[in-house]
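Trainee: Could you take me through this structure feature by feature, giving the general idea before each case?

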Amino acid sequence: MTKNNSTRWAANLFCMALLALFTAPLALAQDASFRAHLSKMPTTPQTKNAISGGGEVIATLEGHTLTISGHFEGMSSVATMAHVHMGPPAQPGPVVSAITAPDSTGGELSGQIELNDEQLAALKVNSLYVQIHSADNAAGELRGWFFAR
Amino acid sequence: MNIRTTSLAIAIASALIGCTPDNSEQAMNGASDSSVAANAFAEQAAVGAEKFAANCAACHGINLEGSTLGPLLSGRPFMQRWGQRNPSLLFNNIKANMPPGGNEGLSDDDYLAIAAHILSVNGVDTVTTALDPSTDFTIADNASAIASLRNRNEPPAPEGVTVAGNVDDFVPFTPVTDAMLESPDPADWPMIRRSYDAHSYSPLDQIDTSNVANLRLEWVWNMHEGDSEPSPLVYKGIIYLINPGNVIQAIDGKTGELIWENWAGPANRQDMRNIAIYNDKIIQATTDARLVALDARTGKQVWETMVADNSQGFENSSGPIVADGKVILGLAGCARYIKDDCYISAHDANTGELVWRFNTIAKANEPGGDTWGELDDIFRAGGETWITGSYDPELKLTYWGTAQQKPWVPVSRHLTIQDEGLFTNSTVAVNTDDGTLNWHFQHVPAEALDLDEVFERVLVNRGDEKLVFSLGKYGILWKSDRVSGEFKGYKETVFQNAFTDIDPVTGRVTYREDIQNAKLNEWTSACPSSAGGKDWHSMTYHEPSGLMIAPLSQTCLENAAREVALVQGGGGLAASRKFFEMPGTDGNLGKIGAYNVDTMEEVWSYQQRASFHTGTMSTAGDLVFVGDLDRRFKALDVNTGEVVWETRLGTSVQGHPVSFAIDGKQYIAVTSAVGGTSPRTVPDVIATEITYPRWGNALYVFSLPED
């Protein structure tokens, strides 16, 4: 992360923390379901065939517990790891937690994460996303932001 | 081109040089290994061939032949553009701009090698010293044999009238008057977007929501190949069709019969969106920045004039409108650091003589000149007017959008986010009498992401209000008073995260902090991408419902500025870019949005995976027509957005649909086409599962079956 991005992210975290302060009681009282459409990480004419695949992830929130299940397919190489990250739509951010992905170009995703208040607030403003890394695309091959279903 | 091919080219070059009397011995022996080894330029070019294959060929073709993703880099077009310049400028241009996805793995030596390869393929064969960043020789003076051979092998391009005929033999021709253009016959489509107010609306209602399902193909006409985004003209049943390569055809709208064809040149694969008709002339801008008038009856040239010097990079991709008796057109290709900048110009419709110019870049001693920091005039670039404007005959004002500053990111242009750069990324209202600026509104000052606001200005009257609407790459629908320029409102039509604030009173935008402060080679992620929001595909205003219906695109980009030296003749665009789906869209790249022009609220939207590649065209039959990358041409119900008819064409549907009538029968026409710049490049790397032929430019004409 660059210095500018760090500064921006710190400001975003502060805002989300404030938001969480006011919305956490509401969030705790409500269960909700979210969906992420997995699509290719940023690509170019030179890399469009080296970054491939797609998928869908469903996340169910009960209190602070986010239960994740989903699937992906068609990646260019086998998955090496998968994470939930925190960042506003279309803006990359830090890892929140690892989730489970098979050592394959496609398969099922699963995980359960205890969100803190800040992460819970981020979820409610579409600022959590799933990212799958692969052997040939260590920086990430598939990505998708959670939106309320 | 690989090493083997490059070596072959070197051998051919050497052999050709050897054909001269002074080199007869060498010709007999061929190019020896030792002579090649001693040629540092050839060795550099051979390395460059490998680098080119790995980094450039995906877009420009392995033989530099070009593709829908990148222009050709060889032959006459290359020499026309680069022949009088030096390798240092070529090196700096490539380094600053290519490859568009990023250049982290390329060193200066690699770029020099690629430049040497390009020069070698283009016949530079008198050079033996390897290029360095300051190599200064005139490229054309050092290219002989291969370029000459290539030119000899090419059949001469057609010029002038290639198919003779006379419109009078089909329909008696009546000269087009100002009154006809101010109030077109419902049966005609006599200019881009049909009318001066740019509504892209046909008052014809024979085809409507109740019978559109019966629409059938009447005839199809294959067009010349190349990049194409055309808007056909239709006058008294005759279609005047601009093809790639500056070719115009007159076609009988009833039967699809070709009447005449004219090649104004240059014969290339480049795009031109529209032409104009006035009096008894068809008037075209050419891709090399000329203005040509043809006899509308026969296609024979009447006059020709130069708009700008093509050897300096100036070009056109959109044609003129004729307003207030003058031919008014914009200009593109204004990213170079040269003395001249971009302008809108007006020409006498009878002679082509220049009447006035309005410069879109303010020089230091002019109003607005203090918005470019301390930059010398020569380094102020951009402000292209690459989309045709509109016109209010009552106010005698012509409305144009201008493109952003160049290079794309403030740090690359040695400016800051405070340097607004008038009159870029603005609406300019220009007096048609003398070309003076009546008012301007700068939508996005100091633009920082290659998201310009250059597209059509749609003029709408609501009660006593005279309004102008525009929608640029940020996806923001802007509303202003077109008499005063006063900001009246806005609507975000797709997700955008470039601005943290848009002032509801003034319309002043505030960029996200990281975009404001973006440094060289620092990646910034933002939505929409350079494909838009909205791009060159015109939106339509359906007056009966008060809806503005726009073709939109939902993608995002990562952008990293590159360094550009302040060198005369240099300049460019200078950013690395990557593209991805817009979050929250479920992968739907294409969107049609309908907006109430009074409330600015979205009334309905229709979304799909395939991006839309035509303008929207609405009719009095309550239909809106649009085409997409996936070859589908669709009709939607204006009031609901429901798809009520669709068909599939030969390749992607691209251009501007039109409607016309002959003998009381309504027709719908649309083009299929390739090319189309960012709106095609971006979906091509994201929605790779959508396939279509990379050829197939054609005009399709539909109608209802006769009882």
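Mentor: At the start of α2(A), a side-chain oxygen of A:Asn116 comes to within 3.1 Å of the backbone nitrogen of A:Glu118, where helices (H or I, at least four residues) and strands (E, at least two) are DSSP runs numbered from the N terminus. This is a predicted model, in which local features need pLDDT of at least 70 and side-chain atom pairs count only at pLDDT 80 or more, while totals for chains, interfaces and linings use all residues. Residues are numbered from 1 along each chain as its sequence is written, chains are lettered from A and ligands numbered from 1 in the order in which they are written, and side-chain values use heavy atoms, with hydrogens and water left out.

Trainee: Which residues of helix α2 of chain A are buried?

Mentor: An α-helix has 3.6 residues a turn, so residues three or four places apart point the same way. Here, in α2 (residues 117-124) of chain A, the buried residues are A:Gln119, A:Leu120, A:Ala121, A:Ala122 and A:Leu123, buried being under 20% relative accessible area, exposed over 50% and partly exposed in between (1.4 Å probe, protein chains only). Just after α2(A), A:Asn126 adopts a positive phi of about 60°.

Trainee: How many residues of chain A and of chain B are in contact, and what is the area buried between them?

Mentor: The size of an interface is often given as the accessible area lost when the parts come together. In this model 23 residues of chain A are in contact (heavy atoms within 4.5 Å) with 33 residues of chain B. The buried area, which is the accessible area (1.4 Å probe) that two parts lose on being put together, summed over both, is about 2200 Å² between chain A and chain B, with carbon and sulfur atoms giving 58%.

Trainee: Which side chains meet in a salt bridge?

Mentor: A salt bridge is a side-chain nitrogen of Lys or Arg within 4 Å of a carboxyl oxygen of Asp or Glu. The count between chain A and chain B is 1, and the side chains concerned are those of B:Asp586 and A:Arg35, at 2.4 Å, N to O. The elements giving two or more residues to the side of chain A that touches chain B are α1 (3-29), β1 (32-40) and β8 (142-148) of chain A.

Technical notes:
A polar contact is a pair of N or O atoms within 3.5 Å; within protein, one must be able to donate a hydrogen and the other to accept it, and residues adjacent in sequence count only if both atoms are side-chain atoms.
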